[in-house]
Structure formats: structure tokens, C-alpha cells
Amino acid sequence: AQKRPLPEAFAEDAEAVLPWSVGMEQDFLKEEGVDMLERMPELFWNLADNRPSELRWRFHNYITERFVRSFADVCGKIGNFAFFSCDNLVEIVAPNVTELGTASFGECFGMRTFSAASLTVVGDYAFSSCSSLEYINWGNGIKSIGESAFSGCAKLSSVEFPQNLNELGGNSFSGCTSLKSVSIPHGVKNIWTDTFAGCSSLETVTFSEGLELIGNNAFLCCSA
């Protein structure tokens, strides 16, 4: 989301609302090394040369991460673009989440691990370009993985598909250059276009008897 300065911010009746909780300023100082109270005007107004302050971006990123830590374990569904491009997110533990919307964690470049034992649906682009993602744990309930869901997750070296899985979207693991082996469960009938394209470290693929179609370029440039 774009963070804009408040319109007519210097008007007498201008109001500003910030998410806040006890101890936040000390926590922000510890994590970011900045006293936000001393620089609070930068959260609302641009700098003297009309550039937005970096502090504004860091604050909103911090608020997002704090929200995830507090509520991810009680949410049932995470919506479209909910945490898109939240670079400070490193670890997500969401035991009660059942569904991830489109690009819900897309371009979270710092994310390393994701765990959601109750997950059933991974939306399109849910983790696209999460280039630091190394580990995912989603239990045995996964039924659908959307298009480009993990595309560009270059550090993801292993993934276990549960037997309940029946939909594996096109491009879903394209560009996962560290992925070494995959086993396709019997519920997956089709491997669509570019599903594993560019997985240059892929050495072993195990197919089930139920497989009916392997799409164009599904394993393109899997040179290992």
C-alpha cells in the first residue's frame, strides 16, 4: 500500500490516527534503533525536500510484523495481498489458518519459514518471489496450490505434498532453483504449464499412477 502524507495536514481540524500499544516505542527502538517519538512528524509529513521519510516505511512494516506475531495464530483466512512486500517478516506460525489469498505473502523477501498445520488452500502468487523462504510446513490438509504460488522461491530446497492435494497450479514452483526432489501425489491429475520450470537443481521426480497430463514446459530447464 502507498503511504501518503495527510491531506491538509496543517489544518486546525486535521486528525491523525496511528496503531499503538503499550511499550511500542521501546520495542521499536530495540528492533529499529530509532526513537519514533522524537521523529513522529515524519510518519505523517514528507521531509523538507518533499521526499517521504524512510521511517514511515519502517514503521508500517514494523506494525505489520507485530500484527502477524499477535494474530496469525487465530486467523482462519489471510486475504489477498494482506502482507504483500513486508520485508521484515522472517517467520510465520499460523496454526489455525486454513486459506491464503492471492499474493498474501508475495515478495516478502526476508521470510525464511512458514508453518500452518491447518492449511488447505494456497492462493495464486501466495509466496511468489519470497527469495529467502527455506522451509514450509503445512500439515496433511493441503488440497490446492495456486498458480505461481511459490515461483521464485530460490532457497526452497524441499517440499512435501500431502496425499490430499488435487490441484497444482501452473508456474507454482517455477524458478525454485534449490528444489532437489518432488513426489506428486495420486490426487494430482495434471501438471500444468511451467509448474517446475527453471528448477535447475531438481534431480528426482516421482509420479503417481493417477497422473494424466504433463503440460508444456512443465520441467523446462531442470538441468540437474
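**Exercise 1. State in which order the strands of the open sheet are arranged, and which strands stand at its edges.**

Solution. In this predicted model, five strands form an open sheet with the order 1-3-5-7-8 and parallel pairing. Strands here are DSSP runs of E of at least two residues, helices are runs of H or I of at least four, and both are numbered from the N terminus. Two strands pair if DSSP finds at least two bridges between them. Strand 1 (77–78) and strand 8 (167–168) are at the edges; each has a single partner strand, so one side of each lacks a neighbour in the sheet. Inside the order, strand 3 (residues 99–100) and strand 5 (residues 121–122) run parallel and are joined by two bridges. Glu-99 has Val-121 of strand 5 as its bridge partner.

**Exercise 2. Describe the surroundings of Ser-208.**

Solution. Residues are numbered from 1 along each chain, and side-chain values use heavy atoms, without hydrogens or water. Ser-208 sits in the loop between strand 11 (204–206) and strand 12 (213–214). Its relative accessibility is 17%, so Ser-208 counts as buried (under 20% relative accessible area, 1.4 Å probe, protein chains only). Beyond neighbours within four places in sequence, Ser-208 contacts Ile-184, Pro-185, His-186 and Val-188 (heavy atoms within 4.5 Å). A polar atom of the Ser-208 side chain lies 3.2 Å from the backbone oxygen of Pro-185.

**Exercise 3. Find which elements have the lowest and the highest mean pLDDT.**

Solution. pLDDT is the predictor's confidence in each residue, from 0 to 100. Over residues 1–9 the pLDDT is below 50. Where pLDDT is low, predicted coordinates should not be read in detail.

Key. This is a predicted model: local features need pLDDT of at least 70, side-chain atom pairs count only at pLDDT 80 or more; totals for chains, interfaces and linings use all residues. Buried means under 20% relative accessible area, exposed over 50%, partly exposed in between (1.4 Å probe, protein chains only). A polar contact is a pair of N or O atoms within 3.5 Å; within protein, one must be able to donate a hydrogen and the other to accept it, and residues adjacent in sequence count only if both atoms are side-chain atoms.
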